[in-house]
Protein chains: 2
Amino acid sequence: MKAPSARAVTVRVQPSPAAPAAYDVVIGAGLLGRIDALIADTAPAAACAVVVPDDIEALYGQPVLAALREAGRRAALFTFPAGEAHKTRAVWSDLTDALLAARFGRDSCIVAVGGGVAGDLAGFVAATYMRGIPLVQVPTTLLAMLDASVGGKTGVDTPAGKNLVGAFHPPRLVVIDPEVLRTLPDAEVRSGLAEAVKHGAILDVAYVDWIRAHADDLLGLDPAAVEHLVRRSVELKAEIVAADPFEHGQRAILNFGHTVGHVMELASGFSIPHGFAVAEGMLAEAAIGELAGITEPGSVERLAVVLRALGLPDRARPFAHLSGSMRLDKKARGAEPRFALLARIGESARNAAGEWTHSVDPRVLDAVSSTLRDV
Amino acid sequence: MKAPSARAVTVRVQPSPAAPAAYDVVIGAGLLGRIDALIADTAPAAACAVVVPDDIEALYGQPVLAALREAGRRAALFTFPAGEAHKTRAVWSDLTDALLAARFGRDSCIVAVGGGVAGDLAGFVAATYMRGIPLVQVPTTLLAMLDASVGGKTGVDTPAGKNLVGAFHPPRLVVIDPEVLRTLPDAEVRSGLAEAVKHGAILDVAYVDWIRAHADDLLGLDPAAVEHLVRRSVELKAEIVAADPFEHGQRAILNFGHTVGHVMELASGFSIPHGFAVAEGMLAEAAIGELAGITEPGSVERLAVVLRALGLPDRARPFAHLSGSMRLDKKARGAEPRFALLARIGESARNAAGEWTHSVDPRVLDAVSSTLRDV
């Protein structure tokens, strides 16, 4: 540093010599009933606040509460209205006040039961309650199991956009019980599988091949197949997150399929399920990469084969007319849209500057989009 | 961990191999006018949001804004109503929305100009804006220079209590320009000096002696004396924070004088300035320690001498009738009040279990309090 003034004095402050603690993602059928022992081992807390959306309160909130209380732990249930529309600062504030009124202290933990919204919202309560208390995630959708439970992202939406307010607050423990998937609508199962295809596409060709070979087992929720799927996706995502915990570089490859997918989702008013939009987004972005000479030719077709086997879209709709709204994406605020692109199936591409995202000539976007037709 | 189920699979996630970055507290007369160069070196950002309470907007907000703009940086001013009463989620939300409307992105930083409230509130905006953006602190009160600028605590109050919502979010840089103290009311200067006495009392007897010897220079805001004071207090607090970044142990010694002081402040409806309440609290807690046989006899009198020299209270008022409300303190939620106590001036005491806080027999509190008379 340049000397700011002849008289200036500088004191160096080292906030923490320790790395954030590692945590376990534990996967097994029937774990929900034994959650107290897992919490006792990894997130010791005097009391547990179980936070759950109202639509699955009876199905999964009450059983988790009962399991904790039967083990003698102080626990209470806190519900919020289900749905992304309620992932707001107002609901975060209400949940916080409810915990304060119930006198949950800094020696408590939050157990977030539900899909991505529950994890984001209850996670943000945990991140900010008395400057942060331990979080235990209990994802109940396949997408949340594969994706939202790893990475430490928490947050809420504002009128200006999704996830604009939040914090990085990794859980102390993630408990995944594949049995809960039996009550998940089929479209949500397929939606989750799209995210698993993404993990393979950006990092591991063998995983893509395994998913294709086991498509029927996965769609039928065969326990061994689901367990392998969750495990492998969590391992792959954990690798990326460990390499780039605060999303400054390589973690961008997790956005493959999401730049185009997100604007399709928005344009549909969220009538397209997330994973279906991601499937179309991956096909579009693989085509963009092929035309830009970045992605190995034939990659679009390889992706289409596995997506088709999973009952997901195997072609993308036109998107060029939406490219203006790509600039509204949080990651591209005030700048041109950037794309995470493949080198080939199973491998992500860096640009010439070594970065994991690519700017793309708008004419390439137009050219790719013009070959597509409405779905 | 016990095997949770015969079929359970566990994946270990390591969120970050890297420790949080160290940061500099730069102290020097006239630094406010050169803030852009400091930010360029330590917190590079495309744009700066200067957040300032409305009562010092003209005095310090505009000059900081001008210094940034003259250096060619994109910058804008965001004000909020001055005072602890406005350190709320509503004001945090308004500031966040104002930054979003002005299209500040993840490549921005927040420059918090003001006292403790500005640091806490703007710091919490920085901690949660797009999951965290860099924070630069520009404290304008002596108390904030000595104390609030080190430790990484941010947060807001709720109807249930102070600082119940917040996050640990260390600044990238703290810029301390002692020249701003010339506009600070005398009572606020003395209030800040009480916190410096605390740093000496818990950690460094030589610092207590230096403060007593330089009391007149400090009250007269002699530049060299103020600079040494800020530097030594920041060094001492930084040592403690580095040893215990998330407030799980040793950092509790920073609460010396604050358990009793806080209830006195509350009972007065905040008519007693913070530092004056801490001065009385230190005297009371030193007396508690002496009677409990933990603190060396004569410590109360040594503290009284230095506090008197600084124009601060040299005796405490009765407090036993307030001891019920000590249990309402965040750190003691659901438990008996605990006290950070001295072994002697310059050294904190652990209890028999090696902890840095002590439970005290209520009869000791009553006995100490009964020797005091109203101020």
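Mentor: Let us begin with two helices of chain A, where H6(A) passes H11(A) in a left-handed crossing, and please keep in mind throughout that this is a predicted model. Helix H6 covers residues 186–203 of chain A and helix H11 covers residues 274–291 of chain A, and the two pack at an angle of about 35°, with their axes 7 Å apart. On the side of H6(A), the residues that meet the other helix are A:Ala187, A:Arg190, A:Ser191, A:Ala194, A:Glu195, A:Val197 and A:Lys198, while H11(A) brings A:His274, A:Gly275, A:Phe276, A:Val278 and A:Met282 to the contact. Sorted by class, this contact of H6(A) with H11(A) holds six nonpolar, three polar and three charged residues.

From there, turn to chain B and to strand S5, which spans residues 108–114 and includes B:Gly114. Seven of the seven residues of S5(B) are buried, so that the strand is mostly covered, if we take buried to mean under 20% relative accessible area.

B:Val111 touches B:Ile35, B:Ile39, B:Cys48, B:Ala49, B:Val50, B:Val51, B:Val64, B:Val136 and B:Val138, leaving out residues up to four places away in sequence. The largest nonpolar core has 94 residues, and B:Val111 is named with B:Ile39, B:Ile211, B:Leu229 and B:Ile288 as those with the most contacts inside it. Apart from that core lies another, of 92 residues, and among them are A:Val26, A:Leu236, A:Leu365 and A:Val368. As background, nonpolar side chains in soluble globular proteins tend to be buried together.

B:Gly114 is buried as well, with a relative accessible area of 3%. Once its neighbours within four places in sequence are left aside, B:Gly114 is in contact with B:Pro53, B:Ile56, B:Val138, B:Pro139, B:Thr140, B:Thr141 and B:Ala144. To place this residue against another part of the chain, B:Gly114 and B:Thr295 are 181 residues apart in sequence and 36 Å apart in space, taken C-alpha to C-alpha.

Another strand to follow is S2 (residues 23–27) of chain B, which is largely enclosed by the rest of the structure, because five of its five residues are buried. Both faces of S2(B) are covered, with B:Tyr23, B:Val25 and B:Ile27 buried on one side and B:Asp24 and B:Val26 buried on the other. Four bridges join S2(B) to strand S9 (residues 173–176) of chain B, the two running parallel, and B:Val26 stands opposite B:Val175 in S9(B).

Finally, look at B:Ser233, whose place is in helix H9 (residues 223–243) of chain B. B:Ser233 is buried, with a relative accessible area of 0%, and, not counting residues up to four places away in sequence, B:Ser233 touches B:Leu146, B:Ala196, B:His199 and B:Tyr207.

Definitions and conventions:
Residues numbered from 1 in each chain as written. Chains lettered and ligands numbered in written order. Predicted model: local features only at pLDDT ≥ 70, side-chain atom pairs only at ≥ 80, totals over all residues. Heavy atoms only, no water. Buried < 20%, exposed > 50% of the residue type's maximum accessible area, 1.4 Å probe, protein only. Contact = heavy atoms within 4.5 Å. Core = buried A, V, L, I, M, F, W, Y, C linked by side-chain atoms within 4.5 Å. Axes fitted to C-alpha atoms, helices over the stretch in contact; angles between N-to-C directions. Left-handed = near helix turned anticlockwise from the far one by under 90°. Nonpolar A, V, L, I, M, F, W, Y, C, P; charged D, E, K, R; others polar. Pairing = 2+ DSSP bridges.
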